[in-house]
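Subject: Structure handover

Hello,

The structure is below, followed by notes on what was found in it.

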Amino acid sequence: MVECIFCKIADREIPAEIVYEDEETVAFVDANPQAPTHILIIPRRHLPNPGAIQDADRAVIGRLFQIAAQIARDRAIQESGYRLVVNVGRGAGQTVEHLHVHLLGGREMTWPPG
Ligand code: 5GP
Ligand code: ZN
């Protein structure tokens with residue numbers, strides 16, 4: 001998926017502040033942060049949205065949440081709380097068609113989201 005900006009970040013073809021990576025996942029700082037901590041956690045495999053998840057992807061999807069929780073612990077935002085968000089589709093605010101989990105924290109969160 002050469003046209004995908006997140007695939008390019010995962011391949012280090014375009015720069016990003018990568019905070020974690022392994023064989024299957026990458027986590028990097030959002031370029032337009034909406035909170036003091038705003039990190040995106042992605043599978044390396046190009047999945048456009050949750051509807052594309054296959055049975056073989058189940059472990060890596062679980063990893064995304066484990067990594068988010070680990071980063072939240074490392075950044076001491078676990079106690080104050082943090083939010084994990086997956087926007088799906090344009091109407092919900094998805095602008096990049098590569099599945100990603102937003103980790104947002106370090107400030108008060110309101111509900112419902114906008
Ligand atoms: P979405 O709107 O699809 O849920 O989230 C996409 C996120 O990707 C946005 O928060 C946006 O700021 C971030 N983003 C878009 N392009 C880039 C980029 O080139 N580098 C980084 N680090 N973040 C990006
Ligand atoms: Zn991609």
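Salt bridges

In this predicted model, D57 and R45 form a salt bridge (a side-chain nitrogen of Lys or Arg within 4 Å of a carboxyl oxygen of Asp or Glu), with the closest N and O atoms 2.8 Å apart. Both residues lie in the loop between β3 and α2 (58-74), so the pair ties together parts that are twelve residues apart in sequence. D57 is buried at 5% relative accessibility, while R45 is partly exposed at 43%. Here buried means under 20% relative accessible area, exposed over 50%, and partly exposed in between (1.4 Å probe, protein chains only). Helices (H or I, at least four residues) and strands (E, at least two) are DSSP runs, numbered from the N terminus.

The count comes to five salt bridges. Another one joins E21 and R12 at 2.3 Å, N to O; E21 is partly exposed at 32% and R12 exposed at 54%. R12, E21 and R44 are linked in a network of salt bridges. R58 and D55 meet at 3.6 Å, N to O, and both are exposed.

Conventions

Residues are numbered from 1 along each chain as its sequence is written, and chains are lettered from A and ligands numbered from 1 in the order in which they are written. The model is predicted, so local features need pLDDT of at least 70 and side-chain atom pairs pLDDT 80 or more, while totals for chains, interfaces and linings use all residues; side-chain values use heavy atoms, leaving out hydrogens and water.

Regards
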